[in-house]
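Please look over the structure below before reading on. My notes follow as numbered points.

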Amino acid sequence: MKKYIFIILAAILTLSFSCKEDCPCDCGLPQYPCGDKVIILPYSSSNTRSDNFTITGAQIIGDSLRVDIASSGCAGSTWKVCLFDSGAVMESYPEQRLLWLTLENREACDAVPTRSFAFDIAPLQIQSDKIYLNLQGWNEKLLYDY
């Protein structure tokens with residue numbers, strides 16, 4: 001029995017220390033993988049942090065949302081950005097969804113670089129053929145027509 005407990009503990013320790021650059025960023029929230037996919041998570045003001053960047057552009061191209069972000073940093077090459085959706089669909093015509101971004105930025109420079117990020121938004125499709133996406137920090141509704 002002790003042998004199995006030791007093996008399980010050794011495996012857990014090995015996995016917990018093997019994480020390098022490919023680990024999910026926390027994006028200010030419990031471990032969610034950053035990347036090009038939208039993460040559906042119930043919205044609350046406690047899980048949004050958008051004061052450390054500015055959205056300078058946003059557009060939908062096919063099934064992708066392209067977002068341009070400016071923030072302080074050296075070059076922005078280490079930034080990790082997550083796109084979240086509240087999971088709720090607001091009743092209107094067309095219907096609407098609430099999206100927000102988080103940025104993990106550990107760069108400490110005085111420059112203000114801008115980077116573009118693209119996210120697959122196909123999982124946000126509903127039964128109708130279009131939906132408005134309301135991106136927190138962007139003043140225009142984005143019409144996703146699919």
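1. Phe84 and Trp100 are both buried. Buried means under 20% relative accessible area, exposed means over 50%, and partly exposed lies in between (1.4 Å probe, protein chains only). This is a predicted model, in which local features need pLDDT of at least 70, side-chain atom pairs count only at pLDDT 80 or more, and totals for chains, interfaces and linings use all residues. Residues are numbered from 1 along each chain as its sequence is written, and side-chain values use heavy atoms, with hydrogens and water left out.

2. How many aromatic pairs does the structure hold? There are two. Rings of Phe, Tyr and Trp (its six-membered ring) pair if their centres lie within 6.5 Å; planes under 30 degrees apart count as stacked, over 60 as edge-to-face and the rest as tilted. The ring centres of Phe84 and Trp100 are 5.6 Å apart and the planes stand at 15 degrees, so this pair is stacked. Phe84 belongs to strand β4 and Trp100 to strand β5, so the pair ties together parts that are 16 residues apart in sequence.

3. Tyr144 and Tyr146 also pair, with ring centres 4.7 Å apart and planes at 55 degrees, so they are tilted. Tyr144 is buried, at 0% relative accessibility. Tyr146 is partly exposed, at 27%.

4. Now the sheet. Helices (H or I, at least four residues) and strands (E, at least two) are DSSP runs, numbered from the N terminus. Two strands pair if DSSP finds at least two bridges between them. Five strands make an open sheet in the order β1-β4-β5-β7-β8, and the pairing is mixed. Which strands stand at the edges? They are β1 (38-40) and β8 (142-145); each has a single partner strand, so one side of each lacks a neighbour in the sheet.

5. Within the sheet, β4 (residues 80-85) and β5 (residues 96-104) run antiparallel, joined by six bridges. Phe84 stands opposite Trp100 in β5. Strands of a sheet pair through backbone hydrogen bonds, either parallel or antiparallel.

6. One disulfide turns up in a search of the whole structure. The term covers a pair of cysteine sulfur atoms within 2.5 Å. Here Cys74 and Cys109 form the bond, with their sulfur atoms 1.9 Å apart. Cys74 sits in the loop between β3 (64-70) and β4, and Cys109 in the loop between β5 and β6 (114-120), so the pair ties together parts 35 residues apart in sequence. The torsion about the S-S bond is about 65 degrees, so the disulfide is right-handed. Cys74 is partly exposed at 42%, and Cys109 is partly exposed at 30%.

7. How many salt bridges are there? The count is four. A salt bridge is a side-chain nitrogen of Lys or Arg within 4 Å of a carboxyl oxygen of Asp or Glu. One of them joins Lys37 and Asp120 (3.5 Å, N to O). It links distant parts of the chain: Lys37 is in the loop between α1 (2-17) and β1, while Asp120 is in strand β6, 83 residues apart.

8. Arg66 forms a salt bridge with Asp68, with the closest N and O atoms 3.3 Å apart. Arg66 is partly exposed at 34%, whereas Asp68 is buried at 18%. Glu104 pairs with Arg106 in a salt bridge at 3.7 Å between the closest N and O atoms. Glu104 is buried at 11%, but Arg106 is exposed at 67%.
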